[in-house]
Amino acid sequence: ITPEARNFNFGNVTGANGGSAETEITGTWNDLTLETTGDVLFGRVSTQRPNTAASHRSSIMATGSRIEADKLQIGNFVGFLNGIGSTDLEQTWSDSELRATDILIAQSIVLSDATMDATIDLDLVDSRMEANDFLLIGQLSSESADSGGGIDLSLELDGSLMAAPEIDIANRFSEATQLDTMVSLTDSLIQSDDIEAGEGSTIQFILRGTTRADATLANNDVYSGIDAGTAAIDGLIQARFAPSFLPLAGTHDFDLIISDSASGLETFIATTEVINLPDGFSIDSFGVVEEGGVDILRLTISGAPQNVNIFNDRFEQ
């Protein structure tokens, strides 16, 4: 599908004049190519009059597919007055490419005392998501203290690359609504000139080896990372050891975020957490260090594995 200057809406629903409306989409795409100089939108929900309701539910599985657009929007809600809206959206992109000038995931604008609830699960497997200008992952804006609802967003990258000059995660302009954003990285890499993660964000790094992922995505059983010019990080940073990963005896460094200057992580105020630390190892440090003239968020552990019999058990099985 290669139109010019045309917008594609998959599941655009509007509640108006006191009524209610809903859309539901289930799709499987194989080797789909969609190129447009316009916009591609998934799951746009809008309530435009008082006492209206609108909801969207969709599940899309795509393999070997490619989207190129001016704007790619996944999960959008605009609520006016006391309208009620909801979105339940699931997407899995495998061996696919998603490219646009701007990519917006889970953006909500709530006006007056409208209520919005959104649950969005987006998985990228062996895929690439690249924006030429801006990539937004979870934004909630409200002008009223009477607004309700919230966004529960999960973005999982497995063997995938996400890149944009500017990346904004969990951008919230309201205290009346809830924004929970989880970005989980397995064998994956994020690249950005400037990345910001706000309160309510969780960035989870899955550690499956002692080698860091790179842009080629050629290796499995590595640990994921973020390369950023500057990074202003709030919220929670999790380092989670995969159950199958048993480090060798010694000291190991995991450079989770690497900036490009000595002040690149100057505004790092996130809470850090380590999950599933292998038996026999202890945490030496987990924080920002300066090395080679750049700021690095580094986890350092040391010790020796205790469950050495696990290899014999697997061999016998």
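About 30 Å³ of space lies in the second largest cavity. A cavity here is a set of points, on a 1 Å grid over the protein atoms alone, where a 1.4 Å probe fits but cannot get out; the volume is the space filled by probe spheres set on the points, which are joined across faces, edges and corners. The model is predicted, so local features need pLDDT of at least 70 and side-chain atom pairs count only at pLDDT 80 or more, while totals for chains, interfaces and linings use all residues. Residues are numbered from 1 along each chain as its sequence is written, and side-chain values use heavy atoms, with hydrogens and water left out.

The lining of this second largest cavity is formed by Arg212, Ala213, Asp214, Leu217, Ala218, Asn219 and Val222, where a lining residue has an atom within 4 Å of a point. These residues divide into four nonpolar, one polar and two charged. In this division, Ala, Val, Leu, Ile, Met, Phe, Trp, Tyr, Cys and Pro are nonpolar, Asp, Glu, Lys and Arg are charged, and the others, Gly among them, are polar.

The structure holds two cavities of 30 Å³ or more. The largest cavity contains about 50 Å³ of space and is lined by Gly75, Asn76, Phe77, Thr87, Ala106, Gln107, Ser108, Met116, Ala118, Ile120 and Ile151. Strand 6 (66-79), strand 8 (97-110) and strand 9 (115-125) are the elements that give two or more residues to this lining. Its residues comprise six nonpolar, five polar and no charged.

Attention now turns to a single residue. Thr36 lies in the loop between strand 3 (33-35) and strand 4 (39-47). With a relative accessible area of 8%, Thr36 is buried, because the term applies under 20% (1.4 Å probe, protein chains only). The side chain of Thr36 reaches the backbone oxygen of Arg6 at 2.6 Å.

The protein as a whole has one helix and 21 strands; these are DSSP runs numbered from the N terminus, with H or I and at least four residues for helices, and E and at least two residues for strands. Buried residues make up 49% of its 317 residues. Of the contacts (heavy atoms within 4.5 Å) with a separation of 6 or more, 83% join residues 24 or more positions apart. Along its principal axes, the C-alpha trace spans about 65 × 45 × 40 Å.

Key. Buried means under 20% relative accessible area, exposed over 50%, partly exposed in between (1.4 Å probe, protein chains only). A polar contact is a pair of N or O atoms within 3.5 Å; within protein, one must be able to donate a hydrogen and the other to accept it, and residues adjacent in sequence count only if both atoms are side-chain atoms. On a 1 Å grid over the protein atoms alone, a cavity is a set of points where a 1.4 Å probe fits but cannot get out, and a pocket is an open set with protein on both sides within 12 Å along at least five of seven lines; lining residues have an atom within 4 Å of a point.
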